[in-house]
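Please look at the sequence and the model below. Then read on for a short tour.

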Amino acid sequence: MTVRRDIPAAWRNLLLPNMPDSLPEKIDAFLAAESDAGYKIFPGEERRFAALQMTPPEEIRAVILGQDPYHEPGQAHGLAFSVQDPTPLPPSLVNIYKEIEDDLGIKCYKSGDLSRWAKQGVLLLNTVLTVEAGKAFSHAGHGWETFTRAALEYAAAQADTPLAAVLWGKPVATVYIRPQRYTLEFVEREDTFTLCFFGEEYRKALALCGSKSGRDIEQLLVARGELSGSAREIVQMARERRVPVKEVDRARLDAITRNHQGMLAFASAYRYSTVEDMLDLARERGEAPFLILLDGITDPHNLGAIIRTAECAGAHGVIVQERRAVGLTPAAVKASAGAVEYLPVARVTNLTSTIERLKREGVWTYAADMAGEDYASLDLTGPIALVIGAEGEGVGRRVLESCDRAVSVPIRGKLDSLNASVAAGVLMYAVLRAR
């Protein structure tokens, strides 16, 4: 094997000019010395550039960067985190699969072979492309980092939009993070990974997290004190988009991650729709609108359960508040059991204004309230929106006054109320039955 000769043709002319001329031979010499000393090297020569072979530069859509190849026999085959069948899944890949399932409700394949990802444009590259058997990160510092950095920099430079690379593991983040890049660090289970945004300006990070990713920013935490020009621009941009901005002590940010540069953005785990999307969905189905409005629901499990029941009951959407309420967090998405894949969820700044808008569309609004009429005595046909309040507080006074009627679920036991998601479920199925 020689590095210069074995780099895939599609990459060769792109990478070689962007690294020291002697680097390929330096790596060759190191690997030859290791082999002559009797050390087993993974992966085999024919698989060392598999990531570049399977994902040509013009087809890159995302990058997942690992530390170095697996160092046990039968594992490494040239793609970061990937193992060929029937090799058992390594812990790092198990964690990746769990995160996908938790966040998106998608169960991943039992197979650990990620070739299907590579063929779809996911560059599965390790920081170091070889490893001594049984010794993790043993080939670090011998030139591979410069080689793979050149590949990543080229991919970022050629991307049509700012490129986000998932850097899995602190050693990887240490090698690739630069001061001019905006980074967000996440700690999930036993692994740490960093999203590194490549672009000319800090503000691209916020744009990428928000509109360009299809997700909304739930909240921006900013360390108290004087902000730099770029940081002030991000805060201003967030406020213009009505993203809640909260000043906190730097110690609070440190408790979440040390790599925060004075601010942390929390993105929704799923993309939001609009109220208009829900009304359009009802029209497409030829049905009267059936919506669920949530006032002050702060428990993500309640939100997820309500979304799940709403989808099952044939509702056209769930509407939540921007402030003082839970959004589409990973916990809420998980509790929905995949319902967010099929049911629109919108986020609004003012429920009262939304109710008035729905009234203009001919939608009748019914607020769940202990003093309301027994739901079984009401005509729940036609365009309808149910308004569900938080446990213990119920629907707020102004929202309640905006609704057409108040409706209750009879209580015969010692307790005086139902769980919010249970009450919502009873009322939703009453509407379904009426239809």
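This report covers a sheet and the helices beside it.

The model is predicted: local features need pLDDT of at least 70, side-chain atom pairs count only at pLDDT 80 or more, and totals for chains, interfaces and linings use all residues. Residues are numbered from 1 along each chain as its sequence is written, and side-chain values use heavy atoms, without hydrogens and water.

**The sheet.** Six strands form an open sheet with parallel pairing, in the order E13-E12-E11-E15-E14-E16. E13 and E16 are the edge strands, and each pairs on one side only. From one strand to the next, the twist averages 35 degrees. Helices (H or I, at least four residues) and strands (E, at least two) are DSSP runs, numbered from the N terminus. Two strands pair if DSSP finds at least two bridges between them.

Here are some of the pairings.

| Strands | Bridges | Sense |
|---|---|---|
| E14 (residues 364–374) and E15 (residues 384–389) | four bridges | parallel |
| E14 and E16 (residues 405–408) | five bridges | parallel |
| E12 and E13 | four bridges | parallel |

Tyr 366 stands opposite Leu 386 in E15. Ala 368 stands opposite Val 407 in E16.

**Helix H12.** Which residues of H12 (residues 275–285) are buried? They are Val 275, Met 278, Leu 279, Leu 281 and Ala 282; buried means under 20% relative accessible area, with a 1.4 Å probe and protein chains only. These residues lie on the same side of H12, because they cover an arc of only 155 degrees around the axis. The arc is taken from the directions from the helix axis to the C-beta atoms. Just after H12, Gly 286 takes a positive phi of about 70 degrees.

Notes:
Buried < 20%, exposed > 50% of the residue type's maximum accessible area, 1.4 Å probe, protein only. Axes fitted to C-alpha atoms, helices over the stretch in contact; angles between N-to-C directions.
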